Amino acid sequence: MSGSHPAPEGPRPLTTEESRALFHAELEGMPFLVLRDGEGAQVLFRMPPERDQLSVGRRETSDLCLGWDGEVSGLHAELDRVAGEYVLVDDGLSRNGSFVNGERVHGRRRLRDGDMLRFGRTVVLFRSPQAASRATLVAPEVLTAAGLSAQQRKVLIALCRPFKDGNTFAAPATNQQIADELFLTVDTVKLHLRALFDKFEVADLPQNQKRLALVRRALDSGLVSDREL
């Protein structure tokens, strides 16, 4: 019975090293999966560009092996690439089902950047950075028209400052670092960041992804230049 199974663990804060690895994977631009293994360590699974079908399961021969999860079937699901898009396939392969954003998949389900998948008790984030950039990257003139206040712009630049000189292994500045630089309270920084998340259309991303996505879009759009850092 489903009620007898404990709920999957929720997301946990990223370490600095994990944030850097994640940001580097995003810069590569290729689709990848983010999950935690049986020891709680972050795993980044790059989708091989030469493969159109990937298996997910507990077997050691699975492309994405979830051997630590007893609720995952030997062959649990498949990830198919169709016309450049990824599709989750579970045609009755698994005992406990596959889920996308909390909904059980019956047959096939097209995946979109930021979708949360679940196999057994293992939660997996699907990332497709190129698709996200095409779909939601906001042009500088649109952001200017929307109106960034002078203080919001200062907060944005401070957030991006660790990435000066193309340092892709950096992590975004913390709220406390931004507050110290701009002589603001942490609560004020949080208010400005919430507004920026909305304006850059990253507010709906998982909490641990928002800051990295905001930095990437600010730098990629040219709204924040390296000389300002």
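Modeller: Buried means under 20% relative accessible area, exposed means over 50%, and partly exposed lies in between, with a 1.4 Å probe and protein chains only. By that rule, 42% of the 229 residues of the protein chain count as buried. The model is predicted, so local features need pLDDT of at least 70 and side-chain atom pairs count only at pLDDT 80 or more, while totals for chains, interfaces and linings use all residues. Numbering starts from 1 along each chain as its sequence is written, and side-chain values use heavy atoms, with hydrogens and water left out.

The chain has seven helices and 11 strands. These are DSSP runs numbered from the N terminus: helices are H or I of at least four residues, strands are E of at least two. Contact means heavy atoms within 4.5 Å. Among contacts with a separation of 6 or more, 49% join residues 24 or more positions apart.

Now the core. A nonpolar core is a set of buried Ala, Val, Leu, Ile, Met, Phe, Trp, Tyr and Cys residues joined through side-chain atoms within 4.5 Å. The largest one holds 33 residues. Leu156, Ile178, Leu193 and Leu214 touch the most other members. At least two residues each come from helix 1 (16–28), strand 1 (32–36), helix 4 (150–160), helix 5 (175–182), helix 6 (186–199) and helix 7 (210–221). Helix 4 gives the most, six residues.

Start with helix 4. Its buried residues are Gln152, Val155, Leu156, Ile157, Ala158, Leu159 and Cys160. Their cover includes helix 5, helix 6 and helix 7. Beyond its neighbours within four places in sequence, Leu156 is in contact with Leu148, Leu196, Phe200, Leu214, Ala218, Leu223 and Val224. A separate core of 20 residues lies apart from the largest one, with Leu35, Ala77, Val100 and Val124 among its members.

Next, the helix pairs. Axes are lines fitted to C-alpha atoms, for helices over the stretch in contact, and angles run from 0 to 180 degrees between N-to-C directions. Under 35 degrees counts as roughly parallel, over 145 as roughly antiparallel, 65 to 115 as roughly perpendicular, and the rest as oblique. Helix 4 and helix 7 pack at about 105°, with axes 10 Å apart. Helix 4 is therefore roughly perpendicular to helix 7. Helix 4 brings Leu156, Leu159 and Cys160 to this contact. Helix 7 brings Arg211, Leu214, Val215, Ala218 and Leu219. For residue classes, Ala, Val, Leu, Ile, Met, Phe, Trp, Tyr, Cys and Pro count as nonpolar, Asp, Glu, Lys and Arg as charged, and the others, Gly among them, as polar. The contact of helix 4 with helix 7 has seven nonpolar residues, no polar and one charged.

Helix 5 and helix 6 cross at roughly 105°, and their axes come within 9 Å. These two are therefore also roughly perpendicular to each other. Asn175, Gln176, Ile178 and Ala179 of helix 5 meet Val186, Val189, Lys190 and Leu193 of helix 6. That contact splits into five nonpolar, two polar and one charged.

Two strands pair if DSSP finds at least two bridges between them. An open sheet of six strands runs in the order 2-1-11-10-7-8, with antiparallel pairing. Strand 2 and strand 8 (103–104) are its edges, each pairing on one side only. Helix 1 packs on this sheet and touches strand 1, strand 2 and strand 11 (122–127). Its direction makes about 10° with that of strand 2. Strand 1 pairs with strand 2 (42–46) in the antiparallel sense over five bridges. Leu35, a member of the 20-residue core, stands opposite Val43. Arg36 stands opposite Gln42. Five residues lie between the two strands of this hairpin, where Gly40 takes a positive phi near 85°.

Ser128 sits in the loop between strand 11 and helix 2 (129–136). Ser128 counts as buried because its relative accessibility is 13%. Beyond neighbours within four places, Ser128 is in contact with Pro31 and Asp113. Ser128 and Asp113 are 15 residues apart in sequence, yet 4.9 Å apart C-alpha to C-alpha.
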